[in-house]
Amino acid sequence: MSSSTKINTDSGLTPPSAGGGASLLIKNGRIITASEDHIADIFIEGEKIKAIGRDLQVEADNTIDAAGMLVFPGGIDPHVHLDMPFMGTYSSDNYETGTRAALFGGTTTVIDFILQKQGASLQSALDEWRSRANGNAIGDYSFHMAVTDFNENTKKEIKHFVEEEGITSFKTFMAYKGALMIDDRQMIGLMEEVKAQGGMVTVHATNGDMIDYLIEKHRSEGKLSPLYHYLAQPEVTEAEASERFADMAHYTGCPGYIVHLTCEGALNAVRNATRRNQNVLVETCIQYLLIDASLYEREDGAKWVMSPPLREKKDQETLWAGINQGLVKVVATDHCPFQWEQKLMGKDDFSKIPNGHPAIEHRMELLYSEGVHKGKITLNKFVEVACTNPAKIFGMFPKKGTIGIGSDADLVIFDPYEKHTISASTHHMNVDYSAYEGWEVTGKVKTVLLRGKVAITDNKCILDKGYGQFIKRSKVDGKI
Ligand SMILES: [Zn+2]
């Protein structure tokens, strides 16, 4: 057997410079996908992966030596809020700064949320979000459509979104009454229509009425510190809503996905649903795996005010186990940063603190360091929950989320041993604090490719705003 492997391509290799765009060869990296782990070369032409094999004999315009490095697919964060209007202000990362920070951390594609205004159409919200995103993103992006007012008019728009816009996931809120929340009647109606059109319903599953009651109770008693944000959203509010959502998804047969699930009670509701052969898809976020509610007792507790709130140590254990049990399919961020000055809008009242925290840049490195390096999850599982499952669940696979012939050349070259410390003074997110200030991380993103172009190298982003493309997604059925 010769020392070189025959080149395997989808269309036959054309000689370099014979068209197809610039070519790039990544040599000797340890390639990790959700199911593979092997050392090989990757040949890229234009935006796509053309060949994978040992000692590829091919001329390329450029070569990167990845010996000793891991090579995994570009990360996909399916839960971010960039440039999101909120209380007269906006989340502090726009599409340029947010997708750039994501690229620095190895995330090449994000899915943001369009919010319908109650009383207005889905289309008008899409137009508004496009006006902020178009031409500004550096990394690739897509949208979920958050339906906050489901009625006969909204119903007519669903088919268009799925068929024409490539937006196939519809977010709902069971909380934030009067602003974003829909009732169960609307939920059932939406599920029936979305199922009929080939989409999926996703949910912020917490009991909005219970939470409203508890917020008002604490405020009327003069309990106004960030700790009461946490105490107004006890585990039962999430467990109850998760069970109710699972029941409605089961009844309608609509594919269902719970975003940012945080706790044992809610995961048990999903686990119980498996006993009747249902598969409710679950996302958690990196913060719920790593940090806990004791932070709310600090003077700067507003930094971690988010909904649902951080939970207990036992919930972290539940979520890590849930990943390994295959119940938790995705690790996202719910990235929604606000500058400290914006957080101070609620310095005298926890209910006025803008919800959200910055994480888009560090999801992959934190999950690797705390998950893989510390032995909680395997390398393949890491890729599965951070890259592959989000692509499969949301209709982007195998274009995104894996390293395969014909896939987009979205790749991360990663040093598994390099140690570094997370800090607001070195991060690239447009926010003046870090929720993980001083955290020591093992493993560092070194080089990132997005559709064949080097995006990150030598700690610099060399792509400009406008490179990021809107990714139209396929119909989805809840199976992965
Ligand atoms: Zn969110």
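Q: Why is Glu 264 called partly exposed?
A: Glu 264 has 30% relative accessibility. Buried means under 20% relative accessible area and exposed over 50%, with partly exposed in between (1.4 Å probe, protein chains only), so Glu 264 counts as partly exposed.

This is a predicted model with residues numbered from 1 along each chain as its sequence is written. Local features need pLDDT of at least 70 and side-chain atom pairs pLDDT 80 or more, totals for chains, interfaces and linings use all residues, and side-chain values use heavy atoms, without hydrogens and water.

Q: What makes the contact between Glu 264 and Lys 314 a salt bridge?
A: The closest N and O atoms of Glu 264 and Lys 314 are 3.3 Å apart. A salt bridge needs a side-chain nitrogen of Lys or Arg within 4 Å of a carboxyl oxygen of Asp or Glu, so this pair qualifies. The pair links distant parts of the chain, with Glu 264 in helix α8 (residues 264–274) and Lys 314 in helix α10, 50 residues apart. Helices here are DSSP runs (H or I, at least four residues), numbered from the N terminus.

Q: How do you know that Lys 314 also forms a salt bridge with Glu 235?
A: The N to O distance for Lys 314 and Glu 235 is 2.7 Å, which means the pair meets the cut-off. Glu 235 lies in helix α7 (residues 235–252), 79 residues from Lys 314.

Terms used. Helix = DSSP H or I, 4+ residues; strand = E, 2+ residues; numbered from the N terminus.
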